[in-house]
Amino acid sequence: MSHIRILVFLVIVSPIFLLPGCIKYSLSGASTNAKSIQVDPFFNNTELAPANFGQTVTNRVKDYFQQNSSLRVVPTNGELQIDGTVTTYATAPISPQASTGTGVNATPNYGAQTRLTITLRVNYVDNAEAKNSFKDRSFTFYADFDNSQDLISVQETLEKKILDQIMLDIFNATIATW
């Protein structure tokens, strides 16, 4: 009787130890068999962005993939390849306020807040699974700031917030399977 119990126990429990080798799981959500990614320079094709913004984006992409996957960033011949262009770096007034007063004491209509919008156009090549590749996909996000502040004083903080979201979106569109 005890041999039957042991046999039943082994039949029930052994699949639990065998399954982890069959299931591919990552805490980051990365789902790729690739070992390397090549990140080519992102070009800044805007007038308002800082001159080094393309390099800033390139470095953020490299850092994001290194920190959130097991991929190794390589300069050439990556199993995965990504590049792109900064196509929008623009501000626009939002939250309009009505003018007050009359005559010389009148304040003009203006936005109480300004929105900074950044758009990246990205190309992604998956040499292992071509169906995952895409060309010229746009990723956009924005952040708002009060007009009591000028863009220069909040620019770094806004760029970080916007790029954090765009990097997540790019990661999800390329190697994550969430």
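The model is predicted. Strands 1 and 2 pair in the parallel sense. The salt bridge count comes to 5.

**Strand pairing and crossover**

- Strand 1 (residues 36-44) pairs with strand 2 (residues 72-74) over 3 bridges, in the parallel sense.
- From strand 1, the chain passes through helix 2 (residues 53-68) to reach strand 2. This β-α-β crossover is right-handed.
- I37 has V73, in strand 2, as its bridge partner.

- D144 and R115 form a salt bridge, with the closest N and O atoms 2.8 Å apart.
- This pair links distant parts of the chain: D144 lies in strand 5 (residues 134-146) and R115 in strand 4 (residues 110-126), 29 residues apart.
- D144 counts as partly exposed because its relative accessibility is 30%. R115 is also partly exposed, at 25%.
- D136 and R121 meet through their side chains in a salt bridge, at 3.2 Å from N to O.
- D136 sits in strand 5 and R121 in strand 4, 15 residues apart.
- D136 has a relative accessible area of 41%, so D136 is partly exposed. R121 is partly exposed at 32%.

**Other salt bridges**

- K131 pairs with E129 in a salt bridge, the closest N and O atoms being 3.3 Å apart.
- K131 is exposed, at 68% relative accessibility. E129 is partly exposed, at 37%.
- A network of salt bridges links R60, K160 and D164.

How values were computed. Residues are numbered from 1 along each chain as its sequence is written. This is a predicted model: local features need pLDDT of at least 70, side-chain atom pairs count only at pLDDT 80 or more; totals for chains, interfaces and linings use all residues. Side-chain values use heavy atoms; hydrogens and water are left out. Two strands pair if DSSP finds at least two bridges between them. Helices (H or I, at least four residues) and strands (E, at least two) are DSSP runs, numbered from the N terminus. A crossover is right-handed if, with the strands pointing away from the viewer, the path from the first strand over the helix to the second runs clockwise. A salt bridge is a side-chain nitrogen of Lys or Arg within 4 Å of a carboxyl oxygen of Asp or Glu. Buried means under 20% relative accessible area, exposed over 50%, partly exposed in between (1.4 Å probe, protein chains only).
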